[in-house]
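Here's a quick briefing to read alongside the model. Have a look at the structure first, then go through the notes.

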Amino acid sequence: MTNLTHMTIRAALDGLKKKEFTASELVDAHIAASEAARHLNCYITETFDLARDAAKESDARYAKGEALPLDGIPIAMKDLFCTEGVQTTAASKILKGFIPPYESTVSGNMKRDGLISLGKANLDEFAMGSSNTTSAYGHVLNPWKREGDDRDLVPGGSSGGSAAAVAARIAMGATGTDTGGSIRQPAAFCGITGIKPTYGRCSRFGIVAFASSLDQAGPFARTVEDCALLLESMAGYDPKDSTSVNLPVPRYADAIGGSVKGLKVGVPKEYRVEGTNPEILALWDKGAQMLKDAGAEIVEVSLPYTKYALQTYYVIAPAECSSNLARYDGVRFGQRAEGDNLIDTYEKTRAEGFGQEVKRRILIGTYVLSAGYYDAYYNQARRVRKLIWQDFMNAYQQCDVLLTPTAPTPAFAIGENQQDPVTMYLNDVFTIPASMAGVPGLSLPVGLSGDGLPLGLQLLGRPFEEETVFKVAHALEQAAHFTALPQTLQRKAA
């Protein structure tokens with residue numbers, strides 16, 4: 001039998017339909033792989049028994065010829081999505097033991113299509129971080145290693161548990177959320193594919209909020225086509241979310257294999273940021289040439305307000321986080337620390353329940369929203385955000401998609417870059433502008449660094465034109481032919 005944990009979702013669906021193996025066998029193989037990879041700390045809550053039960057139901061549907069679109073495919077669910085009857089923590093002490101009585105719309109859509117969750121994936125606490133080292137449940141480890149260096153590397157964040165699970169072949173796909181790059185940057189660090197769709201394409205109902213005007217759900221997988229299959233399941237209008245857009249969901253996978261001949265690919269000159277790893281800049285040039293060879297036209301474009309995106313994000317996102325996290329008070333749900341009076345209870349609950357990075361962002365957000373600084377910081381940031389959006393709209397008059405690096409460096413070791421929060425925030429310098437503009441962005445692996453780590457490139461599309469992004473990404477994927485495995489898996493294969 002084919003190694004079930006190394007198949008693509010498309011290949012697994014074909015195998016299930018041909019009865020080459022069962023959903024139970026597929027799920028059991030991934031559970032066994034997950035148990036062998038617990039040292040990576042990808043899951044906060046494992047739901048293996050529930051997954052086995054769901055696999056039996058999938059097998060029954062296949063036997064009757066009534067299989068659902070993605071029936072029997074095992075995935076990881078980021079522990080930011082509320083799951084009915086299963087603990088949801090947002091990787092924070094303050095939500096330990098919280099069992100939602102309802103299902104998020106995205107996870108409900110995926111259940112509807114037969115996808116099976118193996119567990120709730122670890123993340124940076126409340127999705128705040130770029131390394132998955134701020135979780136109250138411990139660091140997630142990247143399955144990749146530098147050649148000749150056995151130090152543990154970060155998987156990126158905030159969706160690091162999801163990305164590491166897919167890269168380690170313990171889940172065939174995973175959900176993530178992207179506020180400033182939290183799908184695309186981990187995808188790049190872990191050598192897999194991840195897409196943040198247009199803001200409003202996937203419902204935010206039932207997703208623990210960080211920054212409401214930026215948060216957007218999206219999938220991870222090992223191929224562009226698999227991401228297209230998962231996004232089609234996740235997306236859709238939801239009247240329970242006021243920011244959900246009432247547009248039909250295209251058959252994204254139909255865009256795979258389409259010609260890119262005649263399409264214009266923009267290369268923004270402002271993305272040549274000082275301090276970017278030279279190997280990544282060289283790969284960027286190589287990626288542009290690959291698309292040119294496939295028939296696309298490469299054009300230089302300008303996004304002049306890009307240089308203000310990082311600063312703007314770190315005013316708007318903390319401001320929204322400060323507002324959203326005010327609900328965690330120890331009264332209605334989650335952890336409670338008893339105080340002498342109500343205010344004391346609030347203070348003790350939040351002091352004990354929130355981690356250092358979350359507290360830092362709450363304080364920044366509260367400061368910029370305060371009466372004396374609201375206009376000076378928050379309103380100014382909102383104006384600059386509109387200019388960033390206009391930059392993208394102007395660029396798309398000259399091109400169909402943009403090609404940029406995903407991250408300025410490959411994955412770094414745990415402990416590196418973490419003494420200075422500003423250095424950590426710079427990890428998102430290439431991903432934040434698209435989040436501020438709300439446009440779709442996909443990262444895929446295109447090459448390896450000199451020390452054997454995956455390097456990703458990012459494609460950014462017009463709003464609600466994910467199909468074009470998938471088409472160009474598939475062409476780049478075919479040209480790059482990235483087949484490298486994390487060193488930990490290579491050792492097992494040997």
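This is a predicted model: local features need pLDDT of at least 70, side-chain atom pairs count only at pLDDT 80 or more; totals for chains, interfaces and linings use all residues.

Residues are numbered from 1 along each chain as its sequence is written, and side-chain values use heavy atoms, with hydrogens and water left out.

**Helix α12**
- Helices here are DSSP runs of H or I with at least four residues, strands are runs of E with at least two, and both are numbered from the N terminus.
- The 22 residues of α12 (residues 374–395) should span 32 Å, and the end C-alpha atoms are 31 Å apart, which agrees; the expected span is 1.5 Å times one less than the number of residues.
- Buried residues of α12 include Tyr378, Arg385 and Phe392; buried means under 20% relative accessible area, exposed over 50%, and partly exposed in between (1.4 Å probe, protein chains only).
- Among the elements covering them are β8 (297–301), α9 (309–324) and β11 (454–461).

**Thr88**
- Thr88 sits in the loop between β2 (74–78) and α4 (105–112), and it's buried at 0% relative accessible area.
- Leaving aside neighbours within four places in sequence, its contacts (heavy atoms within 4.5 Å) include Asp79, Phe98, Lys120 and Val208.

**Backbone geometry**
- Gly157 and Ser158 are joined by a cis peptide bond, with omega about 10 degrees.
- Lys19 isn't a glycine, yet its phi is positive, near 60 degrees; Lys19 is exposed, with a relative accessible area of 57%.
- His481 also has a positive phi, near 50 degrees, and lies in the loop between α15 (466–480) and α16 (487–493).
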